[in-house]
Amino acid sequence: MKQKNQEKILQELMKQNLRYQLALEDYELDTGNELDLLMTTWGKLNIFRKTRKNLTLEKQIQEAKIIQENFKKIVNKIGKEHFIFYDDGDINYIWKKLKKEDINE
């Protein structure tokens, strides 16, 4: 029973991390901004995906939580106002194109 609960927790963490990754990729593509923490976190997530089967379930959950916390730090650094957070846990970057009048302000 405990293992099934842990597997569900890990599955949800991985789904959330994917959502953060996609939203932050949209941010990076739209703005051209590459935050060091963003690049580091993407690297950690990619390594984790490749090597997680070598870890215990508890260690996988721990690592997935650390990656998620890093993603949350990035969102906070960029500003939560640039993202939409949905009730189902999805997150999207809000694409804000600059208007000519915005540039002149």
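The questions and answers that follow concern a predicted model and set its values against the cut-offs behind the terms.

Q: Why is the pairing of Arg-19 and Asp-90 called a salt bridge?
A: The N to O distance between the side chains of Arg-19 and Asp-90 is 3.8 Å, and because the cut-off is within 4 Å, the pair qualifies as a salt bridge.

Q: Why is Arg-19 called buried?
A: The relative accessible area of Arg-19 is 16%, and since buried means under 20%, Arg-19 counts as buried.

Q: What makes Asp-90 partly exposed?
A: Asp-90 has 24% relative accessibility, which falls between the limits of 20% and 50%, and therefore Asp-90 is classed as partly exposed.

Q: How do you know that the buried residues of α2 lie on the same side of the helix?
A: Leu-38, Thr-41, Trp-42, Leu-45 and Phe-48 are the buried residues in question, and they cover an arc of only 125 degrees around the axis, which puts them on the same side of α2. On the other side of α2, Asp-36, Ile-47 and Lys-50 are exposed, while the cover over the buried residues includes α1 and α3.

How values were computed:
Residues numbered from 1 in each chain as written. Predicted model: local features only at pLDDT ≥ 70, side-chain atom pairs only at ≥ 80, totals over all residues. Heavy atoms only, no water. Buried < 20%, exposed > 50% of the residue type's maximum accessible area, 1.4 Å probe, protein only. Helix = DSSP H or I, 4+ residues; strand = E, 2+ residues; numbered from the N terminus. Arc of directions from axis to C-beta. Contact = heavy atoms within 4.5 Å.
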